[in-house]
Amino acid sequence: MNNQSLLKGFAKGKQTEIQQMGGQNAVAYTRVSSKEQAENNMSLETQKKYVGDFSEKHKLKILSYFGGTYESAQTDERSEFNRMIKYVKNSKDKISYILVYSLDRFSRSGENAIYISSELKKLGIQIISVTQPIDTSTHAGTLQQNIQFIFSKYDNDLRRQKCVDGMREKLRRGEWMGNCPIGYKYESAPRSKEQKIVISEHGALIKKAFLWRANDEVSHTAIAESLAKKGLKICNKRLTETFRNPFYCGYLSHNILDGEIVKGKHEPLITEEVFIKVNNLLKKNN
């Protein structure tokens, strides 16, 4: 017996064991979300290395790699993910394993992930997390894997809630989220600490459109044609959306504000009276 074999007895940590299911063929799936940096310990290169080392150690043959890109795991409607699932189900070469860095790389959809893993298991396909050794050939192992799927979804929900809470507080401070409505632009970066939104070169035209509509003398089509002649092309539907947006009279309205309307920090294009008059006319005409 050589020295390496003798020294192996002093190794620490539990060695990953996999249940042989009648084949050595596998596929690999790697994924990062758009919020993760390529250089951190969850990078695509790191995941691929761990998966490769695992397959070599256990003498598994990786027939194909999937993912290798930015895909959110909040839902399982992912192009690379679905391409992989279709491949393992229809491959002429029997696939026994799907190798992932960790279970949350496979999915964060909770109950749906449990369903997918259950259906794959019926086909003799086992999901293997190379950094989370779980023997899913037992009921206890399957339960442990399912708990990991549920926890991944719970963790994802917490992150989403924190993000929404932060966005809501920003809106309540009178700062906008996302692209500016037509007629406005960011003077500073949208995510800067001191957000500043100013009226753009189209602002005067949008103001004219409101005033024309407030007089109830010009139709939407005529207003759109007049704006187009002055260099601003806008369809009737978007014009109606513009007239219904309180941003133009100095207020913020957003789905995550839960029915609130907030005074914005930006300069209004029109008065509240003009905005209300225009929308009363829209209701009347409709």
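User: Which residues does tyrosine 248 touch?
Analyst: Leaving out residues up to four places away in sequence, tyrosine 248 touches Pro181, Ile182, Tyr184, Ile206, Phe210, Thr242, Pro268, Leu269 and Ile270. A contact here is heavy atoms within 4.5 Å. This is a predicted model, where local features need pLDDT of at least 70 and side-chain atom pairs count only at pLDDT 80 or more, while totals for chains, interfaces and linings use all residues. Residues are numbered from 1 along each chain as its sequence is written, and side-chain values use heavy atoms, with hydrogens and water left out.

User: Which residues have the most contacts inside the largest nonpolar core?
Analyst: Those are Phe210, Leu227, Phe243, Tyr248 and Ile270, in a core of 31 residues. A nonpolar core means buried Ala, Val, Leu, Ile, Met, Phe, Trp, Tyr and Cys residues joined through side-chain atoms within 4.5 Å. Buried is under 20% relative accessible area, exposed is over 50%, and partly exposed is in between (1.4 Å probe, protein chains only).

User: And which elements give two or more residues to it?
Analyst: β5 (184–186), α7 (203–214), α8, α9 and α10 (272–285) do. The largest share, five residues, comes from α7. Helices (H or I, at least four residues) and strands (E, at least two) are DSSP runs, numbered from the N terminus. There's also a second, separate core of 19 residues, including Phe66 and Met84.

User: How do α8 and α9 cross?
Analyst: The axes of α8 (residues 220–229) and α9 (residues 236–243) come within 10 Å and cross at roughly 100°. The two helices are therefore roughly perpendicular, a label for angles of 65 to 115 degrees. Axes are lines fitted to C-alpha atoms, for helices over the stretch in contact, with angles from 0 to 180 degrees between N-to-C directions.

User: Which residues make that contact?
Analyst: His220, Thr221, Ile223, Ala224 and Leu227 on α8, and Asn236, Leu239, Thr240 and Phe243 on α9.

User: Switching topic: where is lysine 59, and is it buried or exposed?
Analyst: Lysine 59 sits in the loop between α2 (44–57) and β2 (61–70). At 65% relative accessibility it counts as exposed. Its phi is near 55°, a positive value in a residue other than glycine.

User: What about aspartate 258's phi?
Analyst: Aspartate 258 has a positive phi of about 55°, though it is not a glycine. It lies in the loop between β7 (251–252) and β8 (262–263), and is exposed at 57% relative accessible area.

User: Last one: how many helices and strands are there?
Analyst: The chain has 10 helices and eight strands, and buried residues make up 43% of its 286 residues.

Methods:
Angles under 35 degrees count as roughly parallel, over 145 as roughly antiparallel, 65 to 115 as roughly perpendicular and the rest as oblique.
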